[in-house]
Amino acid sequence: MGSTNDVLKAAPNLPHGAIVAADAQRAGRGRMGRPFFSPKDSGLYLSVRYRPADNPALADFVTMGACAASVVAIEKAAGAVPAIKWVNDLMIGPKKIAGILTEGRADPALEKQWIVVGIGLNLFDPSGGFPDDIAARAGSITGMTATAYAENGGDPDDLRTRLLAAMIDGLTDLGQAESPASYADIYRRHSNLIGRAVTLTGAGEPIVGTVTGFDDFGHLKLQMPDGTSKLIRSGELTLRPL
Ligand code: BTN
């Protein structure tokens, strides 16, 4: 399979909440046009297609909701507690263990709109290691290779199946959600940024401030050096050294 997101983008007639999952991708994609390393046997790569016509409220919180649902699924299936790095990276310590890519079609006709959310979960360390360009910041949920996990008495296939089942449950519930509130609670509780000084780089000049929280849609609340508050909707965030 090339990319689970691409499979669902090319399938206009699927019902709300249709999911495609793979244990490898040849052309996994991340945010900002980056590739997403998706080797066989170490990760779980899945996408869900939602129809805004079936749940118009969802578009405003779908990425935050998928992030929160993934945290819950990882905790349930693997017993690990990831932190969320705004906007949509899941971390264990300093290592990114999962990423989320949301794509969609905005159209004046609700019936023609679609949203595809893709989630890449690094379950095990790849047997050949992560590529050099991401090795310093990429990690996995178990923190070990599938072989080491098996040598320690675990069953890699069973863990993958449990994680897939938990993700399907979480993404199916998200498809029915009419309010972001419960997802925002989970998002806030797992954020590793609240109270931290950050530099936000995106369009235009970098913004420096201290994270005070998130609104119900996952937008970042920042206190500026002059004491005023700013709500940030998107951007590429880098932590400022304290
Ligand atoms: C990121 O961290 O930049 C987002 C990564 C998203 C990767 C997932 S894997 C499943 C789905 N298919 C893709 O091609 N991308 C997403």
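This is a predicted model: local features need pLDDT of at least 70, side-chain atom pairs count only at pLDDT 80 or more; totals for chains, interfaces and linings use all residues.
Biologist: Which residues does a cis peptide bond join?

Modeller: The cis bond lies between W86 and V87, with omega at about 10°, and V87 sits in the loop between β3 (83-85) and β4 (89-92).

Biologist: What does the domain assignment of the protein chain give?

Modeller: Such bounds come from an automatic or database domain assignment, which here gives domain 1 (4-189) and domain 2 (197-239). Taken over C-alpha atoms, the centres of domain 1 and domain 2 are separated by 24 Å. Contact means heavy atoms within 4.5 Å, and 14 residues of domain 1 are in contact with 14 residues of domain 2.

Biologist: How much area do domain 1 and domain 2 bury between them?

Modeller: Buried area is the accessible area (1.4 Å probe) that two parts lose on being put together, summed over both; for domain 1 and domain 2 it is about 1,100 Å², with 59% on carbon and sulfur atoms. Within domain 1, the residues that lose the most area to domain 2 are K85, W86 and R188, together 53% of what that side buries.

Biologist: How many salt bridges are there between domain 1 and domain 2?

Modeller: A salt bridge needs a side-chain nitrogen of Lys or Arg within 4 Å of a carboxyl oxygen of Asp or Glu, and the count between domain 1 and domain 2 is 1. D216 forms a salt bridge with R188, their closest N and O atoms being 2.8 Å apart. Helix α5 (residues 181-190) supplies 4 residues, the largest share of the side of domain 1 that touches domain 2.

Biologist: Which residue forms a salt bridge with D23?

Modeller: The partner of D23 is K40, with the closest N and O atoms 3.0 Å apart. Both K40 and D23 lie in the loop between β1 (18-22) and β2 (43-50), 17 residues apart.

Biologist: Which residues come nearest to the ligand?

Modeller: A residue is near a molecule if one of its heavy atoms lies within 4 Å of it; of the 20 residues around the ligand, S3, Q25, R29, R31 and K96 come nearest. A backbone N or O atom of R29 is 2.7 Å from a nitrogen atom of the ligand, and a polar backbone atom of R31 is 2.7 Å from an oxygen atom of the ligand.

Note on methods: Residues are numbered from 1 along each chain as its sequence is written. Side-chain values use heavy atoms; hydrogens and water are left out. Helices (H or I, at least four residues) and strands (E, at least two) are DSSP runs, numbered from the N terminus. A polar contact is a pair of N or O atoms within 3.5 Å; within protein, one must be able to donate a hydrogen and the other to accept it, and residues adjacent in sequence count only if both atoms are side-chain atoms.
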